[in-house]
Amino acid sequence: MSLDWNDIERKLANEQKKCDDHLFIGGLENFINNWLSKQKPRDATEAQRVAELVAALRGYGAAEISARKHMIARALELARGGPLQGTPAAAVSSESEPPEPPDDFADEDEAAPPPKVQFRGAPTYGLDASVTRLQNVGPAHAKKLAKLGVETVKDLLYHFPRRYDDYSQLKTVSQLLYGEEVTLLLTVCEAKTRDTHRGLTVTNVLLADPTGTIQATFFNQPFLQQQFKSGRRIVISGRVDQDLPGHLAFKRPEWEPLSKELLHTARVVPIYPLTEGLTNRWVRRLIYSVVEFWAPRLTDPLPASLREKENLCDLSTALQEIHFPTTLEKMQAARRRLAFEEFLWIQLGVLRQRRKWREVPGKPLRVEPTLIAQFTAGLPFQLTPAQSRCLDEILRDVQQTTPMSRLLQGDVGSGKTVVAAAAMRAAVANGSQAAVLAPTEILAEQHYRTLIALFGDKARVRLLTGSLKNKEKEEFRAQLAAGQIDVAVGTHALIQSNVNFKNLALAVIDEQHRFGVEQRGTIRAKGYNPHILVMSATPIPRTLALTIYGDLDLSIIDEMPPGRQEIKTKWQEPRERERAYAFIKNQVQQGRQAFVICPLIEESETIDAKAAVEEYDRLKNVVYPDLRVGLIHGKLKASDKDEVMAKFREHALDILVATSVVEVGIDIPNATVMLIEGADRFGLAQLHQFRGRVGRGAHQSYCLLLAEKSGATSDERLKVIESSQDGFRLAEEDLKLRGPGEFFGTRQSGLPDLKIAKLSDIRFLEQARTTAQEIFDRDPELKAPEHQLLLEKVNEFWKGKGDLS
């Protein structure tokens with residue numbers, strides 16, 4: 001039977017209306033394959049058209065809607081007689097991979113322009129296609145790309161440069177100055193290759209322009225001898241060096257043959273994140289081919305009216321300019337556009353979550369003023385005005401039918417726990433239950449002891465951690481379900497599916513950056529939409545907090561209890577280590593205790609930080625053989641951690657060597673010294689958390705920062721913490737000094753990973769927040785036709801990050 005292309009076109013056009021793969025039993029791909037298998041192509045050209053049609057729709061059922069649209073468009077183009085990508089003889093089988101090419105597509109003619117994007121099998125395999133569908137990417141290169149988080153064509157499109165080299169200014173040899181980054185148009189005079197006695201191969205190339213000559217040197221690339229033929233015109237970019245005093249030269253410059261489209265020279269050149277076995281030239285050429293093909297074909301999810309209002313370029317332009325900028329100004333405009341949309345996806349997601357959680361009514365709690373007054377009167381101290389203000393905000397919330405969603409933020413030692421305890425006391429007085437969720441067993445145990453002391457016989461407090469014996473866990477779960485526990489304290493074990501509350505009314509989540517939206521949703525499901533109070537000792541600038549925790553209201557304890565002492569902080573170089581050790585010994589002799597913090601548990605080949613295990617052995621046996629030294633780290637069994645902490649708390653140990661497991665939750669009033677090894681490896685917020693483990697008693701306390709290396713950013717960071725005790729100021733500085741997502745790590749925060757936006761981009765962040773609120777006020781479900789692509793993007797961005805649908 002001969003092929004009826006009109007019939008195929010009609011079927012494809014019907015599917016194109018929704019791209020939902022519901023028109024045909026078994027799906028479109030299955031239908032087309034079965035139907036075409038019964039047809040007989042008239043000739044080789046029609047057979048090729050059939051093969052490309054089948055290939056274009058391969059994987060259609062499993063593809064995202066956006067990818068299906070591209071696949072259908074290509075299939076329709078073929079059905080309507082559009083151009084073919086190749087001939088049967090030239091087609092590369094997807095089952096037989098060609099061998100891996102060397103770096104920089106060296107099997108191609110260097111004089112040729114950058115490659116057009118080419119796929120194995122189908123040229124329109126969709127953005128979700130594996131990178132192995134691209135020519136010049138075999139299994140070995142795909143494995144290397146995967147280490148960078150690049151597995152699909154779309155990942156390549158969004159694998160953004162980490163920086164740029166500006167080679168756009170063309171100069172002549174006579175204009176060169178030592179140390180400049182320049183670009184020259186030169187002619188090869190001669191090339192010579194020689195071997196050195198150290199086993200190096202050196203290729204020297206003499207180059208000239210009408211104003212003079214200059215030499216370029218390349219190492220261990222003998223094949224370049226054949227490429228630098230006399231008379232060949234090339235473009236060179238790089239730093240002007242010298243091989244002899246006063247004799248200018250290039251060493252390892254970027255170069256490429258003179259052509260219409262230059263990738264590596266004579267422009268603003270992108271420098272990409274790499275891994276071992278990949279070069280920037282190879283990655284640059286690959287990404288160029290993908291950007292050239294895909295960028296013009298993408299549909300922009302931001303409506304034109306929004307782009308115009310916010311002065312944003314379109315998506316196609318943004319992707320082209322972020323990868324291969326025509327000017328640095330246009331690159332900045334592209335970055336602004338892409339950062340804005342990432343912040344917009346975050347904002348729309350948290351606003352939608354906030355609305356969803358508030359749609360279901362909660363259980364209002366009755367708060368007796370006399371009960372709260374009795375609780376606060378029984379404290380050994382008076383609440384600060386900031387604590388009282390935050391407690392009033394919380395108590396006002398829990399009396400409403402709309403469930404509370406509030407972030408309680410305060411510096412280390414500002415008194416967040418007692419504020420939360422007062423709210424828990426109110427919940428218990430209503431005959432309800434409260435829960436405290438902590439990220440570590442040490443912190444959970446700390447809360448457990450604190451609440452026992454605060455409540456006395458007024459509430460039944462129990463602790464659930466993963467280290468309890470099975471029988472103890474079963475007993476806990478039975479008592480909790482029966483309502484025989486008023487306040488349950490625990491780690492992640494508390495939100496497991498087999499843990500049930502009888503009447504959970506208030507959940508307190510401590511150290512929020514360890515838990516994301518998903519965990520908040522899980523704890524909500526444990527009760528009748530309970531009130532949620534999140535506590536964070538990591539000070540976060542208000543604008544950033546409103547973005548990252550946009551589903552929460554914000555309370556800030558912005559003052560410290562009276563009499564809280566300043567912890568004297570000193571940044572010391574490695575050569576001053578012995579002085580630091582002597583200082584610790586002196587403090588111990590006065591009856592005090594000390595922490596020694598090490599970044600890693602085991603030696604790493606790539607990070608020269610002190611390993612806690614080895615440091616413990618050295619301090620115990622060499623430095624302090626006459627003192628009692630203990631060790632705690634995350635890999636110890638929970639029972640061993642408990643034993644070590646009990647000894648330290650009871651002063652059976654003088655010095656505790658630890659990893660960052662002590663960042664939160666350890667309260668040892670007698671500890672007066674915090675020595676941090678490798679301090680340059682930690683962020684300001686984390687250093688401030690470590691410092692907050694001391695200074696909790698009556699004695700003067702000290703924080704000693706030992707840096708492994710000296711560097712501009714780390715030096716500045718250590719100077720800042722040496723001079724300031726203000727956690728909020730330190731948070732602001734941390735934002736300025738650290739890169740995308742590093743402030744407290746988007747992975748820890750439960751946020752989707754940011755590809756290009758920086759949490760320090762406060763201006764973009766506020767702009768996106770305002771825009772998101774305007775969109776949400778008009779169209780909270782994003783149902784308007786102009787918001788359909790926005791809805792797709794928000795769902796895609798938040799996929800796997802909690803129930804935001």
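1. Helices (H or I, at least four residues) and strands (E, at least two) are taken as DSSP runs and numbered from the N terminus. On that basis helix 19 is followed by G591, whose phi is positive, near 95 degrees, and the protein chain holds 27 helices and 23 strands.

2. A word on provenance. This is a predicted model, in which local features need pLDDT of at least 70 and side-chain atom pairs count only at pLDDT 80 or more, while totals for chains, interfaces and linings use all residues. Residues are numbered from 1 along each chain as its sequence is written, and side-chain values use heavy atoms, with hydrogens and water left out.

3. For the chain as a whole, 54% of the 805 residues count as buried, where buried means under 20% relative accessible area, exposed over 50% and partly exposed in between (1.4 Å probe, protein chains only). With contact defined as heavy atoms within 4.5 Å, 72% of the contacts between residues at least 6 apart in sequence join residues at least 24 apart.

4. To return to helix 19 (residues 577-589): its 13 residues should span 18 Å at 1.5 Å a residue, and its end C-alpha atoms are 19 Å apart, which agrees; the expected span is 1.5 Å times one less than the number of residues. R577, A580, Y581, I584, Q587 and V588 are buried in this helix. Seen down the axis of helix 19, these buried residues fall within an arc of 120 degrees, so they line one face, the arc being that of the directions from the helix axis to the C-beta atoms. An α-helix has 3.6 residues a turn, so residues three or four places apart point the same way. The face turned away from the buried side carries the exposed residues E578, R579 and Q589, whereas the cover over the buried residues includes strand 18 (568-572), strand 19 (593-597) and helix 20 (612-623).

5. Which residues touch the most other members of the largest nonpolar core? Among its 62 residues they are L157, L319 and L344, a nonpolar core being a set of buried Ala, Val, Leu, Ile, Met, Phe, Trp, Tyr and Cys residues joined through side-chain atoms within 4.5 Å. Helix 11 gives the most to this core, with twelve residues. Leaving aside neighbours within four places in sequence, L157 is in contact with L127, V290, V291, W294, L298, L319 and H323. Another core, of 42 residues, lies apart from this one and has I372, L379, V419 and A444 among its members.

6. Strand 11 (residues 405-410) is mostly covered, six of its six residues being buried; S405, L407 and Q409 point one way, and R406, L408 and G410 the other. Two strands pair if DSSP finds at least two bridges between them. Strand 11 runs parallel to strand 16 (residues 531-536), joined by five bridges, with L407 opposite V534. Strand 11 also runs parallel to strand 17 (residues 553-557), again joined by five bridges, and here L408 stands opposite S555.

7. Strand 13 (residues 461-464) and strand 14 (residues 487-490) run parallel and are joined by four bridges, with L464 standing opposite G490.
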